[in-house]
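Please keep the sequence and the structure in view while reading.

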Amino acid sequence: MLSCDWPQVGCTLAFAGVIVLALSSAPAWGAGQAIGIKHPVLQRNLDYDDPERYEKAVTRVMGMSDEEMLSFVPDKPYICFVHCPNCHGGSQGFQGYEWSIDRPDELKCKYCGMVFPNDQYPEDQIESGQNALGETVSYTYYHDQEIDARISHSGHILYPRRSWIVYQCRLLGEAYQVTGKPEYARRAVLILDRIA
Ligand SMILES: [Zn+2]
């Protein structure tokens, strides 16, 4: 029995593709004719009279170094379903853990409160495989012998970290649109480039 579905290879790349398409400045063509596109393509109903709100929203990410910020972009797909080896709560569930940018390297079980990673349930096993590009991808995991399940919190935590940085990228884009300050665009581009 596996405690999780090993990830769909390429979902990160697919996401990046969507972003690139959404932001592409190249003229679009349909039925042999160019389609007029007004930028920004996505209308977000921004309040241009309140730039401080948008700048405040990116204070956290702008306070990071480039390296720290980009560390939130996963280098491999996340693992969806991971249950708690301590209480077995939320088995096969996707929302069994709390995550916060204040403690970005930890997952907290919503059922028993145990924080992972910890020494009681060490990820001392490793599983490797190849992705669609032929690259070797590895995940460490704890083997729950009670129910013969592989539990990879290190793989699961990629999901909230990825969600956070994707949201920050959107906020950076909005801050740039409203203020015109290039430092916000630069950070957004760094994130998109890393994802691509
Ligand atoms: Zn638990």
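Helix α7 has 14 residues and reaches 20 Å from its first C-alpha to its last, which is close to the 20 Å expected at 1.5 Å a residue; the expected span is 1.5 Å times one less than the number of residues in the helix. The model is a predicted one, in which local features need pLDDT of at least 70 and side-chain atom pairs count only at pLDDT 80 or more, whereas totals for chains, interfaces and linings use all residues. Residues are numbered from 1 along each chain as its sequence is written. Helices (H or I, at least four residues) and strands (E, at least two) are DSSP runs, numbered from the N terminus.

**The helix and its faces**

Within α7, the residues Y184, R187, A188, I191 and I195 are buried, a term used when 20 or more other C-beta atoms lie within 10 Å of a residue's own, while exposed stands for 12 or fewer and partly exposed for what lies in between, with C-beta atoms placed from the backbone. Seen down the axis of α7, its buried residues fall within an arc of 95°, so they line one face of the helix; the arc is that of the directions from the helix axis to the C-beta atoms. On the other side of α7, P182, R186 and D193 are exposed.

**The cores**

Where do these buried residues lead? The largest nonpolar core has 17 residues, and those with the most contacts inside it are V58, L172, A175, Y184, A188 and I191. A nonpolar core here is a set of buried Ala, Val, Leu, Ile, Met, Phe, Trp, Tyr and Cys residues joined through C-beta atoms within 7 Å. The elements that give two or more residues to this core are α6 (158–179) and α7 (182–195), and α6 gives the most, with 7 residues. Leaving aside residues up to four places away in sequence, Y184 touches V58, L172, A175, Y176 and T179, where a contact requires that two C-beta atoms, placed from the backbone, lie within 7 Å. A second, separate core of 16 residues includes I79, Y97, I151 and Y159. In soluble globular proteins, nonpolar side chains tend to be buried together.

For the chain as a whole, there are 7 helices and 8 strands, and buried residues make up 26% of the 196 residues. Of the contacts in the chain with a separation of 6 or more, 59% are accounted for by residues 24 or more positions apart.

Strands β3 and β4 form a hairpin with 2 residues between them.

Another open sheet of 3 strands has the order β6-β7-β8, again with antiparallel pairing. Its edge strands are β6 (125–130) and β8 (149–151), each of which pairs on one side only. The twist averages 50° from one strand to the next, with axes taken as lines fitted to C-alpha atoms and angles running from 0 to 180 degrees between N-to-C directions. Strand β6 is hardly covered, since the count of buried residues among its 6 residues is 0. Strands β6 and β7 form a hairpin with 5 residues between them, and G134 in the turn has a positive phi of about 85°.

| Strand pair | Sense | Bridges |
|---|---|---|
| β3 and β4 | antiparallel | 3 bridges |
| β4 and β5 | antiparallel | 2 bridges |
| β6 and β7 | antiparallel | 6 bridges |

Individual residues show how these strands line up: S100 stands opposite R103 in β4, and L107 stands opposite F116 in β5.

**Backbone positions to look at**

Most residues other than glycine have a negative phi, and most peptide bonds are trans. A cis peptide bond joins F116 and P117, with omega about 5°, and P117 has its place in the loop between β5 (115–116) and β6. D148, found in the loop between β7 and β8, has a phi near 50°, a positive value in a residue other than glycine. D148 is exposed, with 10 other C-beta atoms within 10 Å.

Notes: Pairing = 2+ DSSP bridges.
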